[in-house]
Amino acid sequence: MGAKLVTVSTDTQFVHLAWQRHEGELKDVKYSMGADPTGKISRMFGVYMEDAGVALRGTFLINPEGVLLGQEVLFLNYGRNIDELMRRFKACLYLGKKPSEGCPSKWNDEGDKTLTPGPEMVGRVHEALQD
């Protein structure tokens, strides 16, 4: 899809290696895993918890020009859903090509119904999605 995925945590690269070797959910991971043991990157993104020395679960969609297109920050024990992340990622790609459209919450892929934001859409989203 023309994107680069990088995960970053406050763990060291050795902890990442141990997780990948011993956690079945990570055995097929092929993306880069960045270590941020000092919290420098986490602080830049505003997710570092100084009192605990760890980072909240942040997901940031950034385009090649460095523009933040979307973000989600969740607490430490909150699992993320890759299907929802991919839906939002595809929506960002789509809206990059068609910035005058809007992708509703049930939008999944090109060809799905989009909306044209404007005053006439206020209070009519449900109706517009039924057309």
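The model is predicted. The protein chain contains 4 helices and 6 strands, and along the sequence these follow the pattern β-α-β-α-β-β-β-β-α-α. The radius of gyration of the chain is 18 Å, well over the 14 Å that the globule rule gives for 131 residues, so the chain is more spread out than a compact globule. Along the principal axes, the C-alpha atoms fill a box of roughly 55 × 30 × 30 Å. Of the 131 residues, 24% are buried. Among contacts with a separation of 6 or more, 27% are made by residues 24 or more positions apart.

Helix H3 covers residues 82–97. Its 16 residues should span 22 Å at 1.5 Å a residue, and the C-alpha atoms at its ends are 23 Å apart, which agrees. The N-terminal end of H3 is capped by asparagine 81, which has a side-chain oxygen 2.8 Å from the backbone nitrogen of aspartate 83. The buried residues of the helix are Leu85, Arg87, Arg88, Phe89, Ala91, Cys92 and Tyr94. These buried residues pack against two strands, E5 (57–62) and E6 (68–74).

Phenylalanine 89 is one of the residues of helix H3. Its relative accessibility is 17%; because a residue under 20% is classed as buried, phenylalanine 89 counts as buried. Leaving aside residues up to four places away in sequence, phenylalanine 89 touches Met1, Ala3 and Leu61. Threonine 10, in comparison, lies 79 residues from phenylalanine 89 in sequence and 24 Å from it in space, C-alpha to C-alpha.

Threonine 59 is located in strand E5. With a relative accessibility of 14%, threonine 59 also counts as buried. When residues up to four places away in sequence are not counted, threonine 59 touches Gly70, Gln71, Glu72, Arg80 and Leu85. Of these, Leu85 is listed among the buried residues of H3.

A pair of aromatic rings is described by the distance of the centres and the angle of the planes. A search of the whole structure finds 2 aromatic pairs. In one of them, the ring centres of phenylalanine 45 and phenylalanine 60 are 4.6 Å apart and the planes stand at 45°, so the pair is tilted. Phenylalanine 45 belongs to the loop between helix H2 (40–44) and strand E3 (48–49), while phenylalanine 60 belongs to strand E5, so the pair ties together parts that are 15 residues apart in sequence. Phenylalanine 45 has a relative accessibility of 35% and counts as partly exposed. Phenylalanine 60, at 21%, is partly exposed as well.

Tyrosine 94 and tryptophan 107 also form a tilted aromatic pair, with 5.4 Å from centre to centre and 45° between the planes. This pair links distant parts of the chain, 13 residues apart: tyrosine 94 is in helix H3, and tryptophan 107 is in the loop between H3 and helix H4 (125–130). Both tyrosine 94 and tryptophan 107 are buried.

A further aromatic ring, that of tyrosine 48, has a charged residue over its face. This residue is arginine 43, which lies 4.2 Å from the ring centre.

Conventions:
Residues numbered from 1 in each chain as written. Predicted model: local features only at pLDDT ≥ 70, side-chain atom pairs only at ≥ 80, totals over all residues. Heavy atoms only, no water. Expected span 1.5 Å × (residues − 1). Buried < 20%, exposed > 50% of the residue type's maximum accessible area, 1.4 Å probe, protein only. Contact = heavy atoms within 4.5 Å. Polar contact = N/O pair within 3.5 Å; in protein donor to acceptor, adjacent residues only side chain to side chain. Phe/Tyr/Trp six-rings, centres within 6.5 Å; stacked < 30°, edge-to-face > 60°. Lys NZ or Arg CZ within 6 Å of the ring centre and 35° of its normal. Rg over C-alpha atoms; globule rule 2.2 N^0.38 Å.
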